[in-house]
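The entries below follow the order in which I looked things up.

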Amino acid sequence: MDKIILTGDRPTGRLHVGHYAGSIRRRVELQNSGTFAKIFIMIADAQALTDNFENPQKVRENIIEVALDYLSCGLDPAKSNLLIQSQIPELTELTFFYSNLVTVSRLQRNPTVKSEIQQRNFEASIPVGFFTYPISQAADITAFKATTVPVGEDQLPMIEQTREIVRKFNSIYGETLVEPEVLLPENEACLRLPGTDGKQKMSKSLGNCIYLADPEEEVKQKIMSMYTDPQHLRISDPGHLEGNCVFTYLDAFSKPEHFAEYLPEYQGLDELKAHYQRGGLGDVKIKKFLNQVLQEELAPIRKKRAEYEKDIPAVYEILRKGSEIAREEAARTLAEVKRAMKIDYFENEEWIRSQCEKYDRA
Ligand code: ATP
Ligand code: MG
């Protein structure tokens, strides 16, 4: 069976280093590995509207921002289809049919949706579209027969929900849909990169992000004011690593080469951590190092973005083409789904013939 990737992001803001560590960096590697027959990268605008329905302008503006971030990180339209979810109406049809296979109590158990409902103050009154977005995500994944979904850890419950829908669909209507596998980041710090406030995951909706497109000076400022260890007051105090997001970011981004170049007095991250825990290593020094590490990663992305920003119509054209190809693919799956569900009345000559025979006999 061909290996196929589907993954994506909500156009609720520019992409940040959490997206990069959790998903995009991996996508680019997978794209360039040549092991995937097809790759679909979705800008999930319809999903973004489920909790931003009053703000369509925000969603519209961020489509181009996300597309620019994709291209500047190295997603290549010659190898990956970049598409806009709302332009594939087949996805809404699939969502409608799959919703028969999911119970309200099953949706209520989804831990990611639960915490998102809290964050958005939806407890008293949850929009139906938002509550059911895991079903539409199952449609997104299965429409392209995706085998592999590279995402951050918060997406695990969505992929599990998709797998359940696939199993249920196939057991009722016959083998039609493909059960996808999740592909989480190998590096533990990248599973759910915390925000610069050290509290929750870095998230567009929480305003605790370092964006891929942030100017150099802004990245530096954000790093220098990052949450570390509130008990580490004097340099000589022993420092703690738990919840200290400077070290989490170093876990996610630093490589041995960075130590050789910027901190040759340390063998590597373990030695730096040990020194911090012993005491005698100041926050400013580790933050300056993190800044060097991140700037090195972000500088080429920023540069590429500036190039793409010069030709916005070309970026829209990439999205239009990618959406067209995606639509053909989704239409094929939808036809199979309808055949399996016995709602292919006009396409199924055999069925019509069998009905003729029934009435002939009568
Ligand atoms: P929103 O707040 O609008 O939900 P978000 O920042 O959570 O935005 P999404 O578009 O929901 O971003 O997520 C896109 C992808 O990025 C998903 O695969 C998700 O797992 C991953 N991702 C998002 N934030 C992080 C993070 N802090 N660490 C690791 N992966 C992340
Ligand atoms: Mg999210």
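**Entry 1: an exposed asparagine**

I began with asparagine 100, which counts as exposed because its relative accessibility is 57%. The cut-offs are these: buried means under 20% relative accessible area, exposed over 50%, and partly exposed in between, with a 1.4 Å probe and protein chains only. Asparagine 100 sits in the loop between helix 4 (90–98) and helix 5 (104–108). Helices (H or I, at least four residues) and strands (E, at least two) are DSSP runs, numbered from the N terminus. I also looked up glutamate 54, which is 46 residues from asparagine 100 in sequence and 28 Å from it in space, C-alpha to C-alpha.

I noted how the values were made. This is a predicted model, where local features need pLDDT of at least 70 and side-chain atom pairs count only at pLDDT 80 or more, while totals for chains, interfaces and linings use all residues. Residues are numbered from 1 along each chain as its sequence is written, chains are lettered from A and ligands numbered from 1 in the order in which they are written, and side-chain values use heavy atoms, with hydrogens and water left out.

**Entry 2: the whole chain**

I counted the elements next: the protein chain has 17 helices and five strands. The C-alpha trace spans about 95 × 45 × 40 Å along its principal axes. Of the 362 residues, 53% count as buried. Contact means heavy atoms within 4.5 Å. Among contacts with a separation of 6 or more, 76% are between residues 24 or more positions apart.

**Entry 3: aromatic pairs**

Rings of Phe, Tyr and Trp (its six-membered ring) pair if their centres lie within 6.5 Å; planes under 30 degrees apart count as stacked, over 60 as edge-to-face and the rest as tilted. How many aromatic pairs does this rule give? The count is nine. Phenylalanine 40 and phenylalanine 144 are a stacked pair, because their ring centres are 4.5 Å apart and their planes stand at 25°. This pair links distant parts of the chain, 104 residues apart: phenylalanine 40 is in strand 2 (residues 38–43), and phenylalanine 144 is in the loop between helix 8 (133–143) and strand 4 (148–150). Both phenylalanine 40 and phenylalanine 144 are buried.

Why is the pair of phenylalanine 259 and phenylalanine 289 tilted? Their ring centres are 4.8 Å apart and their planes are at 55°, so the pair is tilted. Phenylalanine 259 belongs to helix 13 (residues 256–262) and phenylalanine 289 to helix 15 (residues 283–309), 30 residues apart. Phenylalanine 259 is buried at a relative accessible area of 2%, and phenylalanine 289 is buried at 1%. I also found one aromatic cluster formed by Tyr98, Phe169 and Tyr173.

**Entry 4: histidine 19**

Histidine 19 is in helix 1 (residues 17–33). Is histidine 19 buried or exposed? Histidine 19 counts as buried, because its relative accessibility is 14%. Leaving out residues up to four places away in sequence, histidine 19 touches Asp9, Arg14, Ile24 and Lys204.
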